[in-house]
Amino acid sequence: MGPLYTVPENIQKENTVEKKLAHLEKIKRTFFVYRVDAGSCNGCDIEIFAVISPLWDPERLGFKLVASPRHADILVCTGSVTRDMRYPLLRAYEAMPDPKIVAAVGACGCSGGIFHDAYGNWGGIDSHIPVDLYVPGCPPHPATILEGFALALGIIDQKLKKTVHDNDNGKVPFDGTSILNNSLFERDIYVESKSLMGYIHGRVLYKKYCGAMKTAKKADDVSEVTELMKHLVSQEEDPRYAECLRVLHNNVYMQWLDRMMIMGDEGKNQYLIKGA
Amino acid sequence: MKILEFAKKEKMVTRDFPVVPYEVTEGFRGKPEYSYEKCLGCGACAVACPSNAITVKKDEERGLSVWKIDYNRCIFCGRCDEVCPTEAISLSKEYVMCVLFDKEDLTVTGEMKLRKCDSCSRYYSTERLHNYVYNKLISAGWDKATIDEKAKHLKFCPDCRREQAINNYVNQMTKRG
Amino acid sequence: MKSSDILYLIIQVIAIILISPLLDGVKRIMLAKFQSRRGPADVFQTYRDIIKLFKRSETMPDCGTWVFRTAPYLMFAIMATVIAVLPIMHSGSALSAAADLFLIVYLFALMRFIFGVASVDSGNPFAGIGGSREQMVALFVEPTIILSSVVVVFLAGGLTNLVEIKNFVSSPQILKVLPVFIFSGVAFLFATYVETGKKPFDVAEAEQEIQEGLLAEYAGKRLALAHGALILKQIAIVGLFITIYIPWPVVGNPFVSLVLFLIKLLVFYYFASFVEGVSTRLRIGDTRLAASGAFALAFISLILFVIGRVG
Amino acid sequence: MEKTEVKGKKFISELGNLFKVEVIRHQPDDQITILVDRNDLPEVVKTLYYKMGGWLSTMAANDEREINGNYAVYYVLSMEGNKMEEGDELPPEEKCWITVKALIPAHDPVYPSVALKVPAAVWYEREARDMMGLVAEGLPDQRRLALSDDFPAGIYPLRKDSIDYREKFAPYDLVKEPDYDFLYPEGEGIMDVPLGPTHITSDEPGHFRLFVDGETIIDADYKLFYVHRGIEKLAENRLDYDQMAFIAERICGICGFAHAVSCIESSENVTGLDVPLRARAIRTICLETERLHSHLLNIGLASEFTGNVTAFLQMFKIREQTMEMAQVLTGGRKTYGMILTGGVRRDITDVERREMLKYMAKVEADFKECLDGVIDSPNFLKRLTGVGVLNKKIARDFSPVGPNVRGAGFNRDTRYDHPFDWYKNIDFKVPVYNDGDVLSRVLVRAGEVFESISIIRQCLELLPAGPVMVKKAFVEPYSHSIGYVEAPRGEDIHWTMHGNAQKVHRWRVRASTYNNWPSLRFQFRGNSVADAPLIVGSLDPCYSCSERVTIVDVKKQKTKIIQMEDLKKYAITRKDSPLKN
Amino acid sequence: MSVIYLMFIAGAAASLLLYKFQKAAAYIGFGIPAAASLYGIWFFFMNLTGTSELVVQFPVMAAKFTLDPLGAFFSLVISLVGFAASIYGIHYAEEYRESVSIGAMGFFFNLFMVFMLMVVSASHVFWFMVFWELMTLTSFFLIHFNDSEKTAKATILYMVIAHVGGAAILAGMLLMSSAAGSFYFQDFKGAGVGPVMATVLFLLFFFGFGSKAGVFPIHVWLPEAHPAAPSHVSALMSAVMIKTAIYGIIRTCMWLPLNEWWGIMIIVFGALSALLGVLYALTQHDTKALLAYHSVENIGIILLGCGVGFYGMATGNAILAAAGFIGGLYHVINHATFKGLLFLGAGSVIFRTHTKDMEILGGLGRKMPLTAFAFLIGAMAISALPPLNGFVSEWFTYQSLIQAALGSGVAGTIIFTMAIVALALTGVLAVMCFVKVYSVIFTGTPRDEKIWEHAKESPALMVAGMFVLVAACVALGLGAPYAATKIIGVVTYITGTGFNAAAGISVKAVSGSVVSPVLISIIFVSMLFVPIIFTLVFKDSTSTMRKTKPWACGAKYSSRMQITASPFTGFLRQTMNWLYRSEVHFEETNGYFGKVKYSSHAKDIWWDIIYVPIIKGFSGLSQMLSVIQNGRMQIYASYVLIMLAVFITLAIFG
């Protein structure tokens, strides 16, 4: 299979980098945008719509969404190019006056996203036409889209640069210390935290719990830890965290102590932290 | 005309965005931030990533494991964050990430030294992962013998390890009878 | 023809053309206000848009003939002609041979003709529908425009020259026939509003329904000119209304007259943007109903005129 | 989940008197699958549909050659009563899902068309022909539906032995794009008006060919499925259950979460996995948040299509608040990244709860006022009244869903008919309007916005304690079940057959809009061109939803006797990464 | 005068002799009338003032031709269009090379021309009627050259109505001459007929001539018959022949003591004809039928002017009468030029595409640029767009109507004002109609690629014929002040008084209102510099215009998306369905899933309302007469000849 699409010579001639830069200079405070959905899930399109909402209002930068590609300065494309949408996309590209800026919005537009290698699509917009502006995100936040426009128009500078880390010194981010002298305890706490509150809040929970544990003089002294935890729970403003801290203490910690045979069955109840 | 009365209530809601940054909420799923120092090169994120935005490739010639994230393809689901054992990759609040002309600007690469298998001297894992696992083993509260026994396996590539394991197993079986 | 008239004519048309994007800019800011957003950076946004369009390269449909290519120039020039002949700055009778009411009405028809042909020439189905709608809208409003203005012509003694009509209306005689004048004025105003193609009557260039009709196929400078021609058309029809119905206050100084005219225009745009801001576009069939109401008003003014003459 | 009595026995025994019926499976609580002969298929479906008050919810064609040497088709009917009149409805304890299965021999992939008897099946059968090569004999419309026109003929991507999922056949040259065979009306003086695929009023690609005389639409035809990307094949190599949720979300940018829930619940349903209550409540909250922003968008768009941009933007302003709400809830403006099998990925803490309640209050007050302003305009009402009417009979024949059918006088709502997640515990009304026009649909949506706000409030107030996630259970190979969710646009049905090795064998997504499309043609007729975008918009169509034909089809791994070595390998690989949680 | 007549007769004879040599017949048969017409243009123009006579001795009785300014004016119109049609015909006749004898066509063409000229100069009842009938007869034969099923029907209809009208005229003439006691026209004026008699005569003449002119509601034959003829003949028939009827009305009304209500009646019929004519024209998609309906419209506009003229004469307001007639007569010559031009243009399209159906045309402007340009000028002229000629005459008509309204009572004011509104509406609709015609034929994408591929520019003489009339349209527009003075001369002959209709470069109405096509053109041209200057000032891009397919929302463009005639007026048809009573047929072919069948045909409802009952009534009669009716055209022609013989007998012995 040859190239999917060769940009006609007369279009190519008018779309050199110099001409594009000159064009960007010209449209600094007035740019017309035509939007092509080349097969996205419409998440990006809705977010482009959201950009037009009063909260972001790009008209102050000179933005206008136009109904025909012949009016456009910037072609905003979303979606991995599906087989069927390839033709409309190319038609819009050819109908647009030169020089033209093509922006790919969203993961699918930039590179095909999650669908990049499925048989029904061709991957990102740049599989067919040269793309000038990449707006990643799935879907991109309206702020990101607006930032993309601002970047293209030279209002702000590009923040990201290609980064390559290659100074491996072999150091590892773990020093081998552990609360109960067994890193598996932390693992269990971490697993239970995630199961209780998901990965984001779970991590906060984990840090709260472990942070408190670390302040304990003797982590396997059940009465001290229980007091510590009771204090922590009572200090906790958020009832949900309080509840989950209790669960961690009652289920994981107590089980570990059981397993380490530090605590007998009798009196176990007195160390359980009861809910409010 | 009633709609105008509604409009009057909030006269102007437009944010002054590129000038004044937009405040995102706590827990925003923004750009996954890569911390090279914390990364082990274990590849858990690459396995979990639904969209193949994260790849880990072996560069046998240079003896490096090349970890790469392509934000172009990232769907910001946070699975990498969820599975990463060291928080080397975690979602940040960053939403400013557009690039002009060159999409390579949206990639972050981390190269890590690979470790050769003690047995077949082929690259199999990063030095870091090996060291990390070793540290974890030490801290797992086992006795020295167990640790040594387990640490031995770390020095071999999966193929060799499997072979050894089978051999051991078979040996045990035959020993037992 | 006095040479000063020619000079005034030129100043008048250039001034109005140069100021017309400003009106659009004002409208955009007004609309932004209704929509709780900031809107364009300043009132000069439309200037920037248009200048940029002039600088863009062009594409066009492959089936377009010379009609399509020249239409923006022609439409622009026709509307500039109408604006030029309106007796705003110049009131010399020498130009009155060009400032005839029927002439202006038929210049609008000429504009419509070119608009229609260019629409179909573009080959675009939406433009075609837009071209057809443009004619239909004219069909709805033209009777009102003619009837109400003819009533004023009757009042003025049968003279169809705008200069004469203006002179008559600004004379105290108008007070005697005020009811007739007001009815016909309201009818004309309504027809004017419909003819400007503002919401809710923007059926021919509706952006959502038919993708801006004809404009969809233009790019670059021709888009700028076609767009400009449509803006000028609005100004021309409003200007006709102002000339016939609101000539006051009469001032001798032509420059003051021009400024007064622009202020009246601005007032019209200001109120129009209120209507535009909150109204729902009518279906073309409903446009007809609205237009027939205006015709009824115009007819009432005729009856009043007849009764007044008999009584 | 407590075991309830198996529903739907009544229908099966009645059906058994007429046809040879074999009950092959009871899924948990309310899903029954019956096997019939392929020649009985049309009559069985017709009987269930018209006589017993079923609605066609989905149809899945499946390649079961590796299991039993046949292809199979599954017609899933939602038994809820005809609902043509007030009270013509089954009692809640009888409502259930009946899946009619028929085997189709591999050497003769033909079955009699059901669409002749039950028009609602027409798209399903066209699609089955595209994707699986199963020919519905007698189907009047044999055109391609899902596959693009430039896709080679004779290749059925969903057959297990067809193409690799990455196979990309060469496209045509731009000017040589193949023509789609529209149903051009016969007669002179008719003009084609193309609406889409990149029309300013629709943010997604769909091509409507309106055949007009002047302003009046004589007839319409459409080519959709512009966004068919073949996700199904993707999953063969790449996706497991955990990743499926993320691709399900990306079926649609607006109702993605509904798809994800539907997808995940279809796999949870088959094992009867007891999802924690807290997770269910959070799912419900997210679903309703999604409904909120979707409906706000649609009501706004109705204003925009009629030219009232001010009302649109004001509505959008309110919608932005719901988006912020979603951001608080899920970390993104779309309710994405929330769900995995067994629960949800994120919790709602008190901070978020309070934030949500604050937003709810503002949204409710603003929406009330703004809606007042929108509805206040007599022109607006005039533009909406009597436009795009969905005839009651046509509605019954085509099984549309969501506000589309509720605007036509049917109280079909999955939340009400087949309560899932937390809806059993919640008090809500189903707004129904009878005129079937665009206005009715807008009013239904407006009513649902208030209901959604009330549902979210109830959920937040009653949020149960406990974990948000439990461990997955083992799934029996080749078992299948459906997951159902009421998305903003109507019922989403995911039919899943599980493979062995804990991966999916076939995943059939039926998005809500898919069921609304076929009857759109009749809603167009006789209206004016000006109303066309409005009519399309009033369905709140989700092109990408329906076009995805997201039959994610994970290639099952070969069954084999597990060797000792493999067992060990498994053990070793697990040990290999002891730190991976 | 005799020279001209003789040249035509010689042309007729020559082409008859050359009937075996098709090419020569075309050049001679149409070349001679071209020369004759060219001479006629000069001759009649010089004779616009003053009267000349010509007496030809025929065996039975002498024929007397009097060329007064009115006759000369109409002769000028005939010659003008005749000239264009003749040179056009030289190449156009090739279309008929295969099927008919061009010699015969030339023969009838020449005779048709000369009989028309003779009608407007005949000054004796007998000769007037004879030439009137001969004119009808020759036109009938000319129509017959396009032999087809539809033509046969059209010609029968034409003959029937022409003869009903002819009978009315004859009756009127005979009554008039019996009242005056003379058969000579010059004795009719002031013959002293009583008011009742005058009314009867007026009605006979108005409807008699009206049937020829195609006044509503006797217009139904016109759109059937005119399109049936070869295009240059259609041009003559539609542009000129029906003007002889206007001539007849003016001529006869000059004899009668006028009543102001007759003027108003003419106005009402004029307004109705104008509106209904254009409304029915809009729904046509046969180019020539559409143009024929426009003749109905323009006859209406002419009658509006003439109506004011008669009203003025009746009320003794000669100035008002002059104001009305200048509008009417100016429109006579204008309509002749642009309608002739449009028919020639339509003929040119048919010549290259062999179809009259607009629905399948399109994009011809790229293939036939000259024809397109000529047609565009014609279209703009007929739409009364300034600065072309149509505008000037309509402007005069507006002015006269305003004056009439100001000078009449309550009812009169309202009727005249409504006539103004009707005229304005007619203008709007005409614009719509000609946007449709021009753009559907010449612009956009062709619906039928094959036809478009084969089309090319018409031969030189056809183009020349069209451009003669283009020049006339432009000249009559820009040269309006000069033309107006000439026409006011003719008007003065009718009304006895005139007024100064020209003021420098402007034309001037009685009220004193002035308008100047030249001035507006100058302003327009100078305004064209504004956009050009803008373009030059802001010019930045050097790239050339790039062409792509029309933007169809990204879908593949198909020629089915090009708007055509029917959809263009679809909404109008639906809005005015009470007028069209469209027969809409809608059918689903295959239940829910098949295609639909749809057709919608607008009808001329007056046919149903007025004619169908009459036809039904006569159908019984025709059953009886079926013995002598065998459907052959020649037989019908012989009936006409027999009728002529009856006239002759009557005239001689009556």
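Visitor: What do the side chains of Arg15(B) and Glu324(D) meet in?

Guide: Side chains of opposite charge can pair when their charged atoms come close. A salt bridge here is a side-chain nitrogen of Lys or Arg within 4 Å of a carboxyl oxygen of Asp or Glu. Arg15(B) and Glu324(D) form one, at 3.6 Å from N to O. This pair crosses between chains: Arg15(B) is in the loop between helix H1 (2-9) and strand S1 (32-34) of chain B, and Glu324(D) is in helix H9 (residues 309-330) of chain D. Helices (H or I, at least four residues) and strands (E, at least two) are DSSP runs, numbered from the N terminus.

Visitor: On what basis are such pairs counted and labelled?

Guide: This is a predicted model, in which local features need pLDDT of at least 70 and side-chain atom pairs count only at pLDDT 80 or more, while totals for chains, interfaces and linings use all residues. Residues are numbered from 1 along each chain as its sequence is written, chains are lettered from A and ligands numbered from 1 in the order in which they are written, and side-chain values use heavy atoms, with hydrogens and water left out.

Visitor: How many salt bridges does a search of the whole structure find?

Guide: The search over all chains finds 109. One of them joins Arg91(A) to Glu177(D), with the closest N and O atoms 2.5 Å apart. Arg91(A) belongs to helix H4 (residues 86-95) of chain A, and Glu177(D) to the loop between strand S7 (135-137) and strand S8 (191-195) of chain D.

Visitor: Is Glu177(D) buried or exposed?

Guide: Buried means under 20% relative accessible area, exposed over 50%, and partly exposed in between (1.4 Å probe, protein chains only). Glu177(D) is buried because its relative accessibility is 6%. Arg91(A), at 14%, also counts as buried.

Visitor: Which residues are linked with Arg510(D) in a network of salt bridges?

Guide: The network holds Glu80(D), Lys83(D), Glu89(D), Lys95(D), Arg412(D), Asp417(D), Glu491(D) and Arg510(D). Arg510(D) sits in strand S15 (residues 504-510) of chain D and is buried at 0% relative accessibility. Its side chain also makes a polar contact with that of Tyr124(D), at 3.2 Å. A polar contact is a pair of N or O atoms within 3.5 Å; within protein, one must be able to donate a hydrogen and the other to accept it, and residues adjacent in sequence count only if both atoms are side-chain atoms.

Visitor: How is strand S13 of chain D paired with S14(D)?

Guide: Two strands pair if DSSP finds at least two bridges between them. S13(D) and strand S14 (residues 490-498) are antiparallel over 8 bridges, forming a hairpin with 2 residues between them. Ile482(D) stands opposite Trp495(D). S13 (residues 480-487) is largely enclosed by the rest of the structure, because 8 of its 8 residues are buried.

Visitor: How much area do chain C and chain E bury between them?

Guide: Buried area is the accessible area (1.4 Å probe) that two parts lose on being put together, summed over both. Chains C and E bury about 7200 Å², 77% of it on carbon and sulfur atoms. The contact (heavy atoms within 4.5 Å) takes 90 residues from chain C and 84 residues from chain E. There is 1 salt bridge between these chains, formed by Lys549(E) and Asp62(C) at 3.5 Å. S1(C) also pairs with strand S6 (residues 546-548) of chain E in the parallel sense, over 3 bridges.
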